[in-house]
Amino acid sequence: MSAPRRPTKVKIKAPKRRGAEFQVDETWGALSKNLLEIFNHNAATLSFEENHRFAYNMVLYKHGEMLYNGVSKLIAGHLETLAENDIEPAFPSTAAHDPVTLSPANEALLKIATRIWEDHVGNVNKLSQILKYMDRVYVGNADVPDTWHMGLNLFLKHIIRPPIKDQLVTAILCQIRFDRDGLAISPATIKCSVAIFLSLDADSSGTAVYKIDLEPEIVTSTESYYRAEGQKLLDTCDAPEYLRRVEDRFTSEDNRTHLYLSPSTWPQLEQILKDHLLTEHLQAVISMENSGLETMLDLDKVQDLGRLYRLYNKVLDGPKVLNRALKSSIYQRGIQVNQTTSLESILESQPVDGDDPKPKKTKTKPATLATQTVTTALKWVEDVLLLKDKFDNIWKLAFDGDREVESTINAAFESFVNQNKKSPEFISLFIDEHLKRGLKGKSDTEVDVILDKTITVFRFVAEKDMFEDYYKSHLAKRLLLGRSVSDDAERGMLAKLKVESGYQFTQKLEGMFHDMKISADHNTAFKRHLLNIDPLEVELSVTVMTSSVWPMQHSRSMCNFPECLMTPAKIYERFYLGQHSGRRLTWQPALGNADVRVQFEESRHDLNVSTFALVILLLFEDLKDDDFLEYEEIKTATAIEEKELQRQLQSLACAKYKVLQKHPAGKEVHTTDSFSFNARFKCPLQKIKIQTVSSSTRVETGEERRQTVDNVEEQRRYQIEACIVRVMKDRKHMTHNNLVNEVTKQLGNRFKPDPLIIKRRIEDLIDREYLERCEDRRSYNYLVRPFRLI
């Protein structure tokens, strides 16, 4: 069986051309006539197939160049006719400057240019369809633009040329200016005109004519406009209005670029707005009198402040100027708080002895200096808290919680708070006042809010060790005298201080609470112990304080106990030392108090007095009502130091409750005075608390403050030396500057050590052979100190 034969391919040959010979001139004549009809908007009467065949044949018979050049001349001639007959006669009059006249003329010119452009684009698009074969065959071989790009280039050459281009650019710029001035314009007309410049390429790289000819002019005119606008607004507007106008300008220019300009122009326009409306006038706007930052802050204009913050954040120097002005404003307000609540102003308000020899009697009892100074301390903290609340609210609502602004606010508060040298004492007094009586009737949440606010001010204090010294003293009085409103509040405050400054800061404070708990257990055990012996004449409750934990500045104020007090004291000593060997008890009468029942002629009262006052009262127990004791006799019998003795006698004989009589009568105690028991004392109260003069919570005197500062400075010396040794023991070798920086860093949460003091401590440690100076004289080595076993 034979294999099937493979099918053979049949070649189809193109038929030979037959018919009349091609006539190029006739063909072009007919085609050009039809093309002119297209320019005259008569394309509907023409045959697309016929015109396409005309162009096809011209290219086919190698007359593509003639066709290409002929079409180019037709388009160019048509455009020149339009330019001369339609555009140039529509140029606005050079004498017209009134916007009412000039704006319609500009709009008419732009509309004509837009109409010609849209017609031209439509015509060229039709030509591209007819000349497709030319674009596919001839254009590629001849390396010339196709019909579409040829049409665009011809429009650029014959329409977008001087003086038409200049007139169009001027018209667009005028309409933009009218729009900025608030006049009514047609955004659509401008948008179509700008689209012409965006659609045309200025060169082969594809850069739009808009970028070369229109955008630079827009930028230049915008810069000139807003340079003048910025100065005009500055001269005619207050700060809030200026900021509102500027913000509106940013919004309107942004909208304008998206509405009828190119979005690519916005960055340049935005920079012009920043330069001429913001950067040039940053300081002038923020410091405007009666309307600048100070006034906005005074009146809590949150919206205006928020606008100020948003606008100033747009420019490089804006945040710096804003933060500097804000810090200065807060600092000045803080200094004013310091001045209005300064102790010097209180002292100056006090009358000087001899100024008014016959003072007028009034029913209102004047406040004592101690009361005034405590009120001053409390008012200072309250004013600082009010100021902080004000700026915290502004920071959240106006400054969008900006962390840099928050740092500026905190730095300003820290600056003026530490300008007040008494700020650690004032803050401690504020806490003391609230923990004694200010928290009564408040819920746990309200108490927590108050303590949190106090911690806020505490954070600004640089000398936290000074605060610790005052807080420890005030806490001791609250614990010993039982004046705390709530133990939970006390421990809550302690926990907050611990979180803020660390365990070491509150170690001694926690030790005081521990001593109170242990003392309560001891008192319970002592009462059980007394059941086995003869009962005591007095009921005794003792608080045993660890000397290294409690403030013991009262240790010098001692006295001679009478027998009725000495006997139970000795019994307690034997009981306590029997349970704790190796310890020593030292009585502190200055920190104690007593309840004593006193019989007067007509009544009996229970008095709560200090231990010193009790010792003095017991001297009058066996005296007759008419007997008296000289000052020197009391001093000898009690052995109380003179200053303390005068305070106690003044409390008993010159204060509100005069259980003793002073001879001669008066408010001051002198060494020549004598005292007797006031048997005719009357009071409607059964229980009376006799406060020691100036022993209640008060601000330190100058002498007391100097003593406190000396004590703190001495503690700081030890802390600096310990820190130096600790650092050098770890590093072994350090340069002087690095050592000073490290010590400053480690002690910064308690106080800011002076570099000169650190240097002196280093010198002292070198003398004591803890450190040695290296040969370069700029660094130190740690010396290992040998220990010998004995």
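Why does Cys-723 count as buried, and which residues of helix α22 are buried?

Analyst: This is a predicted model, in which local features need pLDDT of at least 70 and side-chain atom pairs count only at pLDDT 80 or more, while totals for chains, interfaces and linings use all residues. Residues are numbered from 1 along each chain as its sequence is written, and side-chain values use heavy atoms, leaving out hydrogens and water.

Cys-723 counts as buried because its relative accessibility is 0%; buried means under 20% relative accessible area, exposed over 50%, and partly exposed in between, with a 1.4 Å probe and protein chains only.

Turning to the helix, which is a DSSP run of H or I with at least four residues, numbered from the N terminus, α22 covers residues 487–501. Its 15 residues reach 21 Å from the first C-alpha to the last, close to the expected 21 Å, a span defined as 1.5 Å times one less than the number of residues. In α22, the buried residues are Ala-489, Glu-490, Met-493, Leu-494, Lys-496, Leu-497 and Ser-501. Seen down the axis of α22, these residues fall within an arc of 160°, so they line one face of the helix; the arc is that of the directions from the helix axis to the C-beta atoms. An α-helix has 3.6 residues a turn, so residues three or four places apart point the same way. The face of α22 turned away from the buried side carries the exposed residues Asp-487, Asp-488 and Val-499.

At the N-terminal end, Ser-486 caps α22, with a side-chain oxygen 3.2 Å from the backbone nitrogen of Asp-488, where a polar contact is a pair of N or O atoms within 3.5 Å, one able to donate a hydrogen and the other to accept it, and residues adjacent in sequence count only if both atoms are side-chain atoms. After α22 comes Gly-502, whose phi is positive, near 100°.

Terms used:
Helices (H or I, at least four residues) and strands (E, at least two) are DSSP runs, numbered from the N terminus.
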